[in-house]
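Visitor: Hi, could you walk me through this one? I'd like to ask things as they come up.

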Amino acid sequence: VFGVPSRYDADLAYISPRIAGFLFETHYAFSGTKENETTNAGVYQAAVDYENGPYRIGYAGIGSKAPSTAGEDKTVFYNNLYANYDYGKGKLYAAYVRSNNNATTGTAPNVLFNGGAPLSNVGGSTAYTAPISAGGNTYYNIYQVSADYRMTPKLRVGGLYGRIDDTSNTGKNASGWAVGGYYDVFKDTMLYALFDVIANDTNAGFRPAGS
């Protein structure tokens, strides 16, 4: 779990058609206090994606300032660079993330390292859920490489390795890997199995995502 914010109420968006391989996307979710509006200081998103034959590369980013009531002037952000290559029988994937959207939750003795995100990944009345100071202003670099392979027209297997580096030197580093298999039973029915391992440093507490 690393708080990947994605969807918000009162969101104005533009998504371009794909032109010469490029697709552009921008969003702005308005701040406000009325029902069904975000209560943060406005959430902005931007993305560009390029496809050319077997190659696909892109960037997706999101950011939001703390609301005035938070007494802070910090921007929570999540920037993602990615590249994919289709080698015929499957794909190779690489991703790099830079973000500070992670926070410690709870109070002693029930403190959960890396248990929450200042900027929630859904809109509503609590889009900005915690002060950024709750995470100690900790900044992370995340690296992932993965690949999959189609063994039969219905069966695909894959594996991933990732690393989370705490660049603020508070010891919240982690690494992990996963393997999985996906089997298309019918056109609309899939069976899958996943096995995940995450190794946390002493001050880290990252966990597998529920999905």
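Visitor: How many residues sit between S1 and S2 in their hairpin?
Guide: Six residues lie between S1 and S2 in that hairpin. This is a predicted model, and in it alanine 20, in the turn, has a positive phi of about 50°.

Visitor: And how many bridges join those two strands?
Guide: Five bridges connect S1 (residues 11-15) with S2 (residues 22-29), and the two run antiparallel. As an example of facing residues, leucine 12 stands opposite tyrosine 28 in S2.

Visitor: What about S2 and S3, parallel or antiparallel?
Guide: Antiparallel, with eight bridges joining them. Phenylalanine 22 has tyrosine 50 in S3 as its bridge partner.

Visitor: Which residue in the S3-S4 turn has a positive phi?
Guide: That is glycine 53, at about 60°. S3 and S4 form a hairpin too, with two residues between them. Ten bridges hold S3 (residues 43-52) and S4 (residues 55-65) in an antiparallel pair, and glutamate 51 has arginine 56 in S4 as its bridge partner.

Visitor: Then how many bridges join S4 to S5?
Guide: Eleven, again in an antiparallel arrangement. Alanine 60 is paired there with asparagine 80 in S5 as its bridge partner.

Visitor: Zooming out, how many helices and strands does the chain have?
Guide: The chain has zero helices and twelve strands.

Visitor: OK, new topic. How much space is in the largest pocket?
Guide: About 1400 Å³. Strands that each give two or more residues to its lining are S5 (75-86), S6 (91-99), S9 (140-150), S10 (155-166), S11 (174-186) and S12 (189-200).

Visitor: Which residues lie nearest its centre?
Guide: Gln144, Leu160, Ala178, Asp196 and Ala209 do, out of 48 residues in the lining of the largest pocket.

Visitor: How does that lining divide by residue type?
Guide: There are 29 nonpolar residues, 14 polar and five charged.

Visitor: And what share of the whole chain is buried?
Guide: Buried residues account for 31% of the 211 residues. The chain exposes about 12100 Å², with carbon and sulfur atoms supplying 59% of that area.

Visitor: Last one: what share of the contacts joins residues at least 24 apart?
Guide: It comes to 47%, counted among contacts between residues at least 6 apart in sequence.

Note on methods:
Residues numbered from 1 in each chain as written. Predicted model: local features only at pLDDT ≥ 70, side-chain atom pairs only at ≥ 80, totals over all residues. Heavy atoms only, no water. 1 Å grid on protein atoms, 1.4 Å probe; cavity = no way out; pocket = protein on both sides within 12 Å on 5 of 7 lines; lining within 4 Å. Points joined across faces, edges and corners; volume = space filled by probe spheres on them. Helix = DSSP H or I, 4+ residues; strand = E, 2+ residues; numbered from the N terminus. Nonpolar A, V, L, I, M, F, W, Y, C, P; charged D, E, K, R; others polar. Buried < 20%, exposed > 50% of the residue type's maximum accessible area, 1.4 Å probe, protein only. Contact = heavy atoms within 4.5 Å. Areas by Shrake-Rupley, 256 points an atom, 1.4 Å probe, with all protein chains shown as cover. Pairing = 2+ DSSP bridges.
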